[in-house]
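Here's a quick briefing to read alongside the model.

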Amino acid sequence: MRVEYLTGNYAIAEASLIAGLKFYAGYPITPSTEIFEYLAKELPKRGGVVLQCEDEIASINAIIGASWGGAKAMTATSGPGFSLMIEGLSLALMTETPIVIAYVMRAGPSTGIATKSGQYDVMQVRWAAHGNYELVVYAPWSVQEAFDLTIKSFNVSEALRVPVILLSDATLAHIWERVVIKEPNELNIINRKKPKVPPDHYKPYEPDDDLVPPMADFGDGYHVLVESLTHDERGYYRPVNDVQKKLVWRLVSKIRRNLRLITESSTYFVDDADYLIVAYGSTARSAYALVKDLRSKGIKFGLFRPKSLWPLDEECLRKAALRSKKVFVVENNVGVYANEVSRVLKDKEVIPVPVINIEIPTPDEIWEVIREWM
C-alpha cells in the first residue's frame, strides 16, 4: 500500500495496471488523453502493449481482439469518440467479450467544449448500442473512487464477460487528490473463468450455473468461435426463434442475477431526512456540500449517491428515500437520470434538478432550483 497525489485520469491509468491490464488501444481525445499518455509510458514496462489507432472504431475492435487473445484490455475516450465505438460495443456485448472503456465526459453535443465538463452522456452509455442487452456503468465522484472503481470495472468485466464503462468527467479527470493505492496482493483481482472440460467437449457459449460461459482464448488449444450473429452454445449461427430467445435472455439475466457483485452506492444523513437528493459523479460533491449546509440550518436533507448508474442499486435507493417527502435528482445536464429514479421510486415525488455548468454546479446553483420546489 502506498499514498500518492494523482488526477482522476492518472488514477484510472494506475488502477488499470494494478488490475492486470495488458493491452491498451486508443485515439487521443480531450479530456481523456492523459490516460493514454500515462499508459504509453508505464504499460510497456510491465509487459503490456499500447497501440495508437487511426480512430476510435479501430480502438474498440482492437481491444475486443486482444481480449480474445487472453489479455485484459481497455480503451479511453470522450463523447465524440464513444459515438464511433458504439457498433463495436454491441459486438462485445453479443460475443461476451470482457473489456473496459474509460469514458471521460465533456460538454456537448457534437464537439462541444473539449476542455469543459458535463454529465450529458449518462443515457448514451446505457442505450446507445443496438439490440437487447445489459451492461455495467460506474460513476466515481473522487480520485480515490476513480481508482477503486477502475479495479471493480475490470473485476466485473472479467467475472461476467461483459463490457464495463467507467464514466468520469472533465472535472474529475484533472483535479489532484490523495489516493491510497493498494497493490495486487492486497486486492481481490478477478480473472475470467477458463474451461475445465477437454477441448473436444468445449462449447464456447455453454454457460455455468451463473449464466457465464468459461472463456477459452485463442491459443489455448480449444475451438473458439467469436460469432456476432445469433448463435447456439457451440457458437454456430442459428437464425431461429428458440435460439435467439434463449441467448438474449441469458445475456440480460447474467447481469440481473449478479447485482450483489455489481451494484454500489453510498448514503449520507438519510436516517432522518425529510428530503433526499440523488446525485452522482463530480456533481455529487456539490450536492454533498449543500446537504451539510442545509442540515446546519435545521433543514433535514439527505444524499443518495449511486456509484453504479447501470444497474442502479434499487434496494438501497428505496431505503434511502423511505422517510423523504420529495426526492431531487441533481445533474449537470437537462435532467435525464431522474426518469430512472422515478422508475424505482414510484410512490415518491421525484423532481429533476437540471443545472448546467461547464465547470461543476455549485451548491448555490443547486439550491436555487430546489428552493422553488420547497
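**Quick tour**

Asn 9 sits in helix α1, which covers residues 8–19. Keep in mind that this is a predicted model.

**Around Asn 9**
- Asn 9 counts as buried because its relative accessibility is 0%, and the cut-off for buried is under 20%.
- Leaving out neighbours within four places in sequence, Asn 9 is in contact with Pro 31, Ser 32, Glu 34, Ile 35, Val 104, Ala 173 and His 174.
- Between Asn 9 and Arg 257 there are 248 residues in sequence and 31 Å in space, going C-alpha to C-alpha.

**Strand β2 and its partners**
- β2 (residues 21–26) is mostly covered, with 5 of its 6 residues buried.
- On β4 (residues 72–77), β2 has a parallel partner, joined by 3 bridges; here Leu 21 has Lys 72 as its bridge partner.
- β2 also pairs with β3 (residues 49–52), again in the parallel sense, over 4 bridges, and Tyr 24 stands opposite Val 50 of β3.
- To get from β2 to β3, the chain passes through helix α2 (residues 33–42), making a right-handed β-α-β crossover.

**The cavity**
- How many cavities of 30 Å³ or more are there? The count is 1.
- The largest cavity holds about 50 Å³ of space.
- Its lining is made up of Ala 92, Leu 93, Glu 96, Tyr 133, Glu 134, Arg 161, Val 162, Pro 163, Leu 251 and Lys 254.
- By class, that lining has 6 nonpolar and 4 charged residues, with no polar ones.
- Helices α4 (79–95) and α8 (241–256) each supply at least two of the lining residues.

Technical notes:
Residues numbered from 1 in each chain as written. Predicted model: local features only at pLDDT ≥ 70, side-chain atom pairs only at ≥ 80, totals over all residues. Heavy atoms only, no water. 1 Å grid on protein atoms, 1.4 Å probe; cavity = no way out; pocket = protein on both sides within 12 Å on 5 of 7 lines; lining within 4 Å. Points joined across faces, edges and corners; volume = space filled by probe spheres on them. Nonpolar A, V, L, I, M, F, W, Y, C, P; charged D, E, K, R; others polar. Buried < 20%, exposed > 50% of the residue type's maximum accessible area, 1.4 Å probe, protein only. Contact = heavy atoms within 4.5 Å. Pairing = 2+ DSSP bridges. Right-handed = clockwise from strand over helix to strand, strands pointing away.
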